[in-house]
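User: I am new to this structure. Please show me how to read its features step by step.

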Amino acid sequence: MPLLFPLVLSALLFAIGTYAVLARRNAVLVLMGVELMLNAVNLNLVAFDAYLRDVVHSGQVLTLFVIAVAAAEIGLGLAIVLAVFRSYGHIDADRLRALADSDAVDEQIAAEQTVGTEETAGGPVPADAAGGR
Amino acid sequence: MSPLWAVALPLLGACGVLLVPRRWARELSAAAGVVTWLAGLVVAVPQLGAAQGEAVTYATLATGAVPITLTLAVDGLAALMVLLATSVALAVLVYSVAYLREDPRYPTYAFLVLVFTAAMTTVVLADDFFVLLVGWEVMGACSYFLIGHFWERSDARAGAVKAFVMTRLGDIGLLFGIFVFGVAVGSFRISAANDAADAGDLSTTTATVAMLLVLCGVVGKSAQFPLHTWLPDAMPGPTPISALIHAATMVAAGVYLVARLLPVLDLSSVASSVLAVVAAISMLLAALFALGQDDLKRVFAWSTVSQLAYMFGALAVGGYAAGIFHLMSHGAFKALLFLCAGAVAHAVGSTSMSAMGGLWSRLPVTAATMGIGLLALAGLPPVVGFFSKDAVLGVVVDAALHGGSVTDWLLLISSAGTVLVTAAYALRAWLMVCFGTPSAAVADVEAAAHEPPWLMRGPLVVLAAVTLFGGLVLLSPQVLVDPSDPDTEFLHPEIAVTATLGVLVVIGLVYAGWRRSGRRDPAGLMPTRLREFCAREAGFDEAYDNAFARPTRRMADGVVANDRDVVEPYVRGSAFAARGMGAVLRLAQNGNVQVYLSAAVVGAVLVVVAVAAVAGVVGS
Amino acid sequence: MSAVEVLFVLLGVVAVGSALLVVTTGRLVHSALWLVVTLGALAGCYLLLAAEFVAWVQVLIYVGAVVVLLLFALMLTRAPTGPQLGETTGNRALAAVVAAAVAIVLVTTVVAGFGGVRISLDDALLGSAGSTGEAIFRFWVLPFEVLSVLLLAALVGAIALSRPVRHRSGGEGD
């Protein structure tokens, strides 16, 4: 089999994963894009392992490690997504702008500081700037 | 005794007054005055009439070019001035104990008076120009502080600043004159300058330039035309200060300096003429202004300007002895007059002459001593003022009649006129203060008036006695005489008789005018234009304000506006620009993670492409 | 073209197609399901490349655990199940361009580097469970242990992140 087949397939999957990460609104869909990218990498590793006939199977072993790391990563990523959902009530990537640097955010931070540290339990705090951009 | 004691003792007294508890400050200051006076006696009396005093050099300061020596010398002139200064200072300090009894700022006041006395003795004892300059400037500083003693009053603050600025203006000329002397003579010693002048080592041009520059300082310090406007405005200061500084000593320092440098002045006819013209203008103008004033102290202030011009007139024609004699006698009777004004103000509560009248009955001693002082001012026998005025007139007439130039004649006419006007305003003052029936409101105030305490009356009496019997000094005139010219005549019978007759005529006219005006103000009978001219002091203050003060203030406003409107916007603009740039850059931080990631990926792709291109270029 | 190659191309087309559907579909749950198809196709590719243990693990972990996790997340975040027209942001134009650029760069690099190279699958070492296990525990045991620590850290972190926020004054949540 030409080595190009798996490599090109891997490259295409990687590009598609990139598109998903950059273009999808729901945070879970973004994480799916990340999974696609990681799978593309795995395919690349396996292809080279077959090509190079590695004795210690380093390609396949690294693939296994990547799978484990991906699993850990998605666990944590989804925990964060759930936390964000708990705080903000949604997980739209383009609406989560609390870390922006703008006058509106500055005023909001100042207002929060004067109000004091009041923590609400559970309920969503709509603290993000209006969407757009 | 080393002449330094006459400088050091008042300074020690000054420090002591500040350090002791407040309740002993008055007594200590009076004691310091006594000690200073005694030190002055010891230093001065042996040297009266001496030609050259021995100079004592305390230190030499190397300057790289002409050295400055800290030298004091006591000769006849210095001795007379020391006596004058310390005696008037003693009288003033004793007087102040009672006059400023309630004043909480007494320790500072006494400190400044004693420092001033030390500075005055420094000036008269100095044999080095820079030592003289130091004393000169310290006197100016003390004068500033003392005029502004009642600094709650805005006229006191303004007067202090005006006095300081105008005298300082003149002092610039003085400083450059000192430089000229130093360069021309090769030394800053005053005796060296005089010796060079006597020996003919000083060219006429140098002498002219040097003397004209020195005259700038003298004109400022002694309040002559054109720097004459500060002296009447210095009157808001306490009356003893007016007596000490602005009558007897500081303003007399200018006369002293000219007398000291007389050998140099004689070399330069230009400088002498300039001095004569300045004196002529000042004496008549000031006398006329005195005639139009309502405030008693202002009358005396203008009178001081006029009498100082008299002394300068004498010195300008080379009459050393006449000038010095008048300086001493004026010091005595003008101090007396100012202290009387203080006593009257103490009794009545104001120095406005229209708020007085008929005080003869309530304040007999004060009125009598004031009468003696005014008699001396007008120049009638037998008081010392008559003799000194006669001496000055004699010298001036002599100079004019024996090959006199235009300026000498001008001086003569001016002096003659001044004698008459002086008599007029002297009598006017006495009549308005001591006689006549006051208005009802004033009468109420005066009902409570009483003689001042003896601590104030004492100096008045002593000074009156000196004025009355001071003419006896002419029995042994070598005290006053310039040793190089021992045959000076002091009495000129024809001039004396003519002057006295003129004065009596004027007195008659003024008295008649007083009766005509209902025993109020004889000046009310003057033609209105003339009256206004005198009362407004010919508008000199307004003219100076327009010519100098206003443009300066406008310039200052312009600078402020420039800073605020031109420079400040640049500063603020740079901050604004930085903020603006930050706001623009901030637009990239919109919080959208996907935008950030896109940018990162684009960057990575570009880097890869660039690397590939470079590798491709390098590899091929 | 041998059978393996044909099969590989087919599986590749399926994988790319379903991946495209994953990233473009408007229904969120469908997206997760298409991801299953993609991952399954990739497992098939692994098998063709003589990596059977990896294929097995891929199905077990990715399809079995990760996708389930994603579905749970979609459920817990109340993901709408109907067709969503706004599931891609306004960033998609730039994202498309960037993705295309990435694809071009990668494909070009790969083609330039490995243009005519062939894998000889006949001599390929089979990645059976036994040989893979042997390789791990003989040559890769330290990374393996570190990985287990990593998994522990991820576990603890996920639990910590999932706890509700506590009140200062004490109260609800534990």
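Analyst: Start with buried area: the accessible area (1.4 Å probe) that two parts lose on being put together, summed over both. This is a predicted model: local features need pLDDT of at least 70, side-chain atom pairs count only at pLDDT 80 or more, and totals for chains, interfaces and linings use all residues. Residues are numbered from 1 along each chain as its sequence is written, chains are lettered from A and ligands numbered from 1 in the order in which they are written, and side-chain values use heavy atoms, with hydrogens and water left out.

User: How much area is buried between chain C and chain B?

Analyst: The size of an interface is often given as the accessible area lost when the parts come together. Here about 560 Å² is buried between chain C and chain B. Carbon and sulfur atoms give 77% of that area. Asn91(C), Val98(C) and Val105(C) supply 63% of what chain C buries against chain B, more than any other three residues.

User: How many residues does each chain bring to the contact?

Analyst: Contact means heavy atoms within 4.5 Å. Chain C brings 7 residues and chain B brings 8 residues.

User: How many salt bridges link chain C and chain B?

Analyst: A salt bridge puts a side-chain nitrogen of Lys or Arg within 4 Å of a carboxyl oxygen of Asp or Glu. Between chain C and chain B the count is 0.

User: What is the secondary structure of each chain?

Analyst: Helices (H or I, at least four residues) and strands (E, at least two) are DSSP runs, numbered from the N terminus. Chain C has 6 helices and 0 strands. Chain B has 24 helices and 2 strands.

User: Which residues form a nonpolar patch on the surface?

Analyst: Patches are made of residues with over 30% relative accessible area and no salt bridge; like charges are joined within 9 Å, nonpolar side chains (Val, Leu, Ile, Met, Phe, Trp, Tyr) within 5 Å. Met1(C), Val6(C), Leu7(C), Val9(C), Leu10(C) and Val13(C) form one. Together they have about 570 Å² of accessible area, computed by the Shrake-Rupley method with a 1.4 Å probe, where for residues only the protein chains shown count as cover.

User: Why does Met1(C) count as exposed?

Analyst: Met1(C) counts as exposed because its relative accessibility is 70%. Met1(C) lies in the segment before α1 (3–24) of chain C.

Key. Buried < 20%, exposed > 50% of the residue type's maximum accessible area, 1.4 Å probe, protein only.
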